[in-house]
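This briefing concerns the structure shown below.

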Amino acid sequence: MHDADIKACEEVIKMATVAESKWEIKVPDKPLKDKVYFENLKSVVIDTEICSRCLTCASVCPGGITVVGDKVDFPDYETKCLDCGACVRVCPRFVYEPLSGMGPSTAFIAGRSKRFAGQDGAMVTELIVSAMEMGIIDRGLFAGRNENWETEMFHVRDPEQLAITTLSGTKYTFADVLPELKKAVKFTKNGVGVVGTPCIVSGVRKLQQEYPIFREKIKLVVGLFCTENFHYSAISQYLRDKGVDFSKLVKTDITMGKFIATMTDNEVKFKVKALEEILPSGCNVCCDFTAVEADVSVGSVGSVPGFSTISVREPIAQKILDYIKKQGYAEFGEGDPGQLGFLVGHKKKRAENLKK
Ligand SMILES: Cc1cc2nc3c(=O)[nH]c(=O)nc-3n(C[C@H](O)[C@H](O)[C@H](O)COP(=O)(O)OP(=O)(O)OC[C@H]3O[C@@H](n4cnc5c(N)ncnc54)[C@H](O)[C@@H]3O)c2cc1C
Ligand code: SF4
Ligand code: SF4
Ligand code: SF4
């Protein structure tokens with residue numbers, strides 16, 4: 001292990017100790033009494049294939065939980081698992097009570113940024129940048145991508161960094177948001193804004209529940225509506241087989257039941273249902289479409305094309321939207337929550353898959 005890794009491990013253990021002494025949190029009971037905690041995580045979440053690949057566990061594990069192939073694993077756990085229990089304490093699926101529905105929305109609107117271009121109305125980018133301008137956060141975590149469309153995490157600290165156009169927009173592959181969030185909370189002075197799919201948002205809330213540093217430093221949690229996501233190896237192969245040339249790919253989108261890959265000179269379109277064969281098992285048991293635990297959730301369904309649908313839940317999000325309105329940074333319209341009914345219902349039904 002490198003010195004930096006050892007130091008990071010020590011910090012996590014220290015954080016875990018502080019968290020325990022401050023709130024007297026007990027790690028969950030081990031279903032497998034004689035096994036180390038990783039074996040419990042493995043038997044309850046990983047081997048049962050309900051793991052969402054949110055990487056909340058990896059973000060706090062001082063031993064070495066990682067992704068091997070497409071699976072979360074800890075190859076050397078027999079010698080390296082410290083049996084600290086941090087992984088089971090933060091895993092949103094160790095004691096899995098699926099969330100669903102719309103969450104406690106206080107406003108439901110449509111918006112389009114006048115300053116930025118994005119997947120829909122670029123309101124995710126607008127919310128993060130405006131929070132930065134207001135001094136609420138000093139960095140926002142973005143899932144960008146490389147030329148092969150593999151996700152790469154970026155800490156945006158200045159709106160000018162958004163000249164890198166690959167930072168905004170949707171990537172239908174998992175991003176390592178939570179391991180990066182640990183770095184962000186370490187370096188931030190004011191606070192961090194984080195963006196993620198509902199499973200990532202649940203991971204953020206677990207980290208905040210367990211560790212004071214995440215509670216203190218994370219100031220804005222933006223959720224993305226999500227029906228499914230994919231492992232990079234599977235979706236990239238699938239798209240190549242369909243004729244997608246990654247060197248020319250500029251946008252991917254799922255809309256009206258179709259997956260659309262837009263290239264500079266061509267478009268590949270097919271029914272999204274065809275992707276069921278590569279749907280990750282963790283998504284197949286996921287019931288949360290709107291990221292009900294986020295401060296504010298953003299998606300494309302529920303507004304006209306070119307606009308982002310915004311479901312506001314916490315006052316901090318409303319405050320940022322009021323600032324955006326006052327500055328004239330975006331135009332707003334009405335959102336239609338009724339349009340979400342089908343997808344919310346579709347995801348809720350996935351609870352049935354848990355029994356299987
Ligand atoms: C995997 C996935 C599935 C989705 N499914 C649906 C759906 O079924 N229905 C629907 O209405 N909306 C869905 N969305 C949301 C939608 O695609 C847009 O992200 C949303 O409308 C925001 O658009 P925007 O223009 O406001 O965002 P932008 O301003 O373009 O910002 C996009 C933000 O998303 C982040 N991001 C992109 N890809 C990922 C990723 N893989 N993981 C974490 N963060 C990422 C970027 O870092 C950026 O901060 C999905 C998003 C994702 C990532
Ligand atoms: S018990 Fe601790 S060291 Fe072992 S896998 Fe879990 S988090 Fe890592
Ligand atoms: S669901 Fe998330 S926290 Fe739980 S094992 Fe999988 S990656 Fe780790
Ligand atoms: S469907 Fe979306 S929120 Fe649910 S596990 Fe998959 S990526 Fe995460």
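Which residues surround ligand 4? In this predicted model, ligand 4 is surrounded by Ser52, Thr197, Pro198, Cys199, Cys226, Glu228, Asn229, Gly282, Cys283, Cys286 and Asp288.

**Ligand 4**
- The shell around ligand 4 comprises 5 nonpolar, 4 polar and 2 charged residues.

**Ligand 2**
- The shell around ligand 2 holds 15 residues, of which Phe38, Cys61, Gly63, Cys81 and Cys87 are the closest.
- By class, the shell around ligand 2 contains 12 nonpolar, 2 polar and 1 charged residues.
- At least two residues of this shell come from helix H2 (37–46), and at least two from helix H5 (86–90).

**Sheet**
- An open sheet with mixed pairing is formed by 8 strands, ordered S5-S4-S6-S7-S11-S12-S3-S13.
- Strand S5 (151–156) and strand S13 (330–334) are at the edges and have a single partner strand each, so one side of each lacks a neighbour in the sheet.
- From one strand to the next, the twist averages 30 degrees.
- Strand S11 (residues 296–299) and strand S12 (residues 308–312) run antiparallel and are joined by 4 bridges.
- Gly299 has Thr309 in S12 as its bridge partner.

**Helix on the sheet**
- Helix H11 (residues 315–327) lies across strand S3 (107–113), strand S7 (218–224), S11, S12 and S13.
- Relative to S12, helix H11 runs at about 135 degrees.

Terms used:
Residues are numbered from 1 along each chain as its sequence is written. Chains are lettered from A and ligands numbered from 1 in the order in which they are written. This is a predicted model: local features need pLDDT of at least 70, side-chain atom pairs count only at pLDDT 80 or more; totals for chains, interfaces and linings use all residues. A residue is near a molecule or strand if its C-beta atom, placed from the backbone, lies within 6 Å of it. Ala, Val, Leu, Ile, Met, Phe, Trp, Tyr, Cys and Pro count as nonpolar, Asp, Glu, Lys and Arg as charged, and the others, Gly among them, as polar. Two strands pair if DSSP finds at least two bridges between them. Axes are lines fitted to C-alpha atoms, for helices over the stretch in contact, and angles run from 0 to 180 degrees between N-to-C directions. Two residues are in contact if their C-beta atoms, placed from the backbone, lie within 7 Å.
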